[in-house]
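Okay, thanks for making time, everyone. Let me put the model up on the screen, and then I'll walk you through a few parts of it.

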Amino acid sequence: MLEKAFEGGKKYWAWLFFLGALSAVGVYYYIQQFQFGLGLTGMHRDVSWGLYIGQFTFLVGVAASAVMLVIPYYLHDFKKFGKIVILGEFLAISAVTMCILFIFVDMGQPMRIMNVILHPTPNSVMFWDSVVLSGYLAINALVGWVTLSADRKGVPPPKWIKFFIYLSIPWAVSIHTVTAFLYSGLPARHFWLSAVMAARFLASAFAAGPALLIILALIVRKISKFDPGKEAIQAIGKIVAYAMFANVFLLGLEFFTAFYSGIPGHAASFLYLYVGLEGHSELVPMMWTSTVLAIISLFLLVFPAARKKEGLLAFACLSLFISLWIDKGFGLIIGGFVPNPFEEVHPYWPTMPEALITLGVWAIGFLILSMLYKIAISVRERTAGIEIEH
Amino acid sequence: MSMDRRQFLKIAGISSILGFGASVASATHTIWEPGLKPPQVEPNPDGLIAKRWAMVVDMSKFKTDEDIKKVTTACHQTHNVPDFRNPDGTVDKKFEIKWIWEEPYERTFPGSENKFMSEHIKDMPFIVLCNHCDNPPCVRVCPTQATFKLPNGITMQDMHRCIGCRFCMAACPYGSRSFNWTDPRKAINPATENKAYPTRTKGVVEKCTFCTERLQVGKLPACVEAAPKGAMFFGDIEDPNSEVRKIVTSQLTIRRKPELGTGPAVYYVIGGSDHA
């Protein structure tokens, strides 16, 4: 089946070449960073995690979102998702790969990465995060591959795969819960020390991931003969709308506790992000952009008339995706470090090499995604019209 | 217990399979490298020992900026802490590494200042360093046990095991940890480098170790030694007769952010009378 990834037209190869070139730029700057040290980035003593860890956190959510297709299809027998569920699983594979790469590029001593396995430390949430992420990658690779192979042969997938499909549901919840625990259990950081952190992570994941999936499904339909299904796309649109409302609600809870309690430490990071603190307002424009995009997307998603127009749906999904990328892939991480434990404001902004390494990792992720989707499309184009029964 | 040849071979065989062979061999000193001498593998008889090391700092005994600078310089030179500078001579904040340094009162104890407090108190300098917590969040989060507790209460850092994930820096409520954003050796003055203490590599986290290496040879921490008389005390807080214990028992002392449950082992004397 793998050979399908290498059979494509000129446009397909041009796209792969473009992504390959971006990845190469990222690799070039990573080598520079490897030689000089992480000082090549904008991070410093006070904001010691930045863009890389933000991307990691955001993408764990995208990966977990595959479960939003698996649950309706496999638990509720929602047949319309039969053709699209593979797109979710393959998106999860590429997202988890990006997560692992972002952790890798963020490490000061990447050659020592095996120390995490050589000295397993159950009291460290990071240890568990590496366990659940690698497990999730394996489960999705296995499930995606086995079900697609069966589809290609026109036979139902083997019964034993059901076990892994069901396992993927709690496992998806676990990857994002454990990732939230990286933050929400730290006594040092008021901004992250919140019991709703994991819930908020899941809500934003189940909004941003499926939103990306809608955009991808629309692209797949445009460039190939594989139609993931109009009704399936509309159904995902509803899931995105509910999840985004839950996310905004949970964010509202954070605001209430921070400001009604009046405890200065709880409000400080919110003030820094949304209005500026001690003369520093570097992130204010970004955070309001995120807020406005969130409102636009919710407005478009909540009215069925707007949601049913695929052009508007795509626009709503793109707005939502960018909004949550800013909120979770940037603001959430930086906000945790500002102000620092001395209540001083030391701003952070990524450097050009840091941005290009980040872009390079995204390019590698999309390269994997494009090749996996190419395989899925090839199989689906051959089996067009045949009902798939999993 | 007597043992015949057959029994001995049986036990020896099983134990070497289980890996006990190595410990038997080490007991007979045969696996030591020829260059290693007993002091490198056995505790120094002069070494200072404690059930729980702790520090007391009395800022009223530091009379001038010079007094504070002496303390921080003593530490940073002893431990080859790099000194990154901008071209204009100011500290390069981007790469800065700190083990012990000075912060004003309102930064050291955030939230405890008030509107009517004099500027003098708000700006009063305090010496800050790793608190060697009873319940350190940095140790809890480290995925490789590169930072860990010693039985004497010191929070240690293994710079050879650290993978540079910086989770400990996110977890420390005291900003006590620094990361080597680039090769620190570039910013160590060869003239003042302490050849007896290792330099670090890029990509690892480091911090104060309560001068573990000095305690092992019977010396007090470098900062305590360099401090004015009666300004810094170091000792076993579990020992009722130690200086640190007597001060903490008899006077009002405060610790940084005690409400977080970390149990800091650095106490600050408020009041400034004469001590033990």
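Let's start in chain A, with a pair of helices, α2(A) and α4(A): they are roughly antiparallel to each other, and that follows from their crossing angle of roughly 160°. Before I go further, please keep in mind that this is a predicted model.

The crossing here is right-handed. From α2(A), the residues that take part are Gly61(A), Val62(A) and Ala64(A). They meet a set in α8(A) that includes Phe201(A), Ala205(A), Gly209(A) and Leu212(A). By class, we get six nonpolar and three polar residues, with no charged ones.

While we're on α8(A), let me pick out one residue. Helix α8(A) spans residues 197–223, and Ala203(A) sits in it. Is Ala203(A) buried or exposed? It has 24 C-beta neighbours inside 10 Å, so it counts as buried. Leaving aside residues up to four places away in sequence, Ala203(A) touches Ala243(A), Ala246(A), Asn247(A) and Leu250(A). If you'd like a distance to go with that, take Leu133(A), which is 70 residues away along the chain from Ala203(A): their C-alpha atoms are 19 Å apart.

Over to chain B. This one has 276 residues, and 37% of them count as buried. There are eleven helices and ten strands in chain B. If you take the contacts in chain B with a separation of 6 or more, 65% of them are between residues 24 or more positions apart.

The part I'd like you to look at is the sheet. Four strands of chain B make an open sheet, in the order β8-β1-β10-β9, and the pairing is mixed. Which strands stand at the edges? Those are β8(B), residues 232–236, and β9(B), residues 253–254; each has a single partner strand, so one side of each is left without a neighbour in the sheet. As a quick reminder, strands of a sheet pair through backbone hydrogen bonds, either parallel or antiparallel.

Let's zoom in on β1(B), which covers residues 53–57. With β8(B) it runs antiparallel, and five bridges join the two. With β10(B), residues 266–269, the pairing of β1(B) is parallel, over three bridges. There, Met55(B) stands opposite Val266(B), and Val56(B) has Tyr267(B) as its bridge partner.

And how many residues of β1(B) are buried? Five of the five, so the strand is largely enclosed by the rest of the structure. Trp53(B), Met55(B) and Val57(B) point one way, while Ala54(B) and Val56(B) point the other way. There's also a helix to notice here: α11(B), residues 243–250, lies across β1, β8, β9 and β10 of chain B, running at about 110° to β8(B).

Last stop, where the two chains touch. The contact takes 41 residues from chain B and 32 from chain A. On the chain B side, the elements giving two or more residues are α7(B), residues 137–141, α8(B), residues 167–171, and β6(B), residues 178–179. Of these, α8(B) gives the largest share, four residues. By class, the chain B side divides into 20 nonpolar, eleven polar and ten charged residues.

That's my tour, so let's go back to the picture and look around together.

Terms used: Residues numbered from 1 in each chain as written. Chains lettered and ligands numbered in written order. Predicted model: local features only at pLDDT ≥ 70, side-chain atom pairs only at ≥ 80, totals over all residues. Pairing = 2+ DSSP bridges. Contact = placed C-beta atoms within 7 Å. Axes fitted to C-alpha atoms, helices over the stretch in contact; angles between N-to-C directions. Buried ≥ 20, exposed ≤ 12 C-beta atoms within 10 Å, placed from the backbone. Nonpolar A, V, L, I, M, F, W, Y, C, P; charged D, E, K, R; others polar. Parallel < 35°, antiparallel > 145°, perpendicular 65-115°, else oblique. Left-handed = near helix turned anticlockwise from the far one by under 90°.
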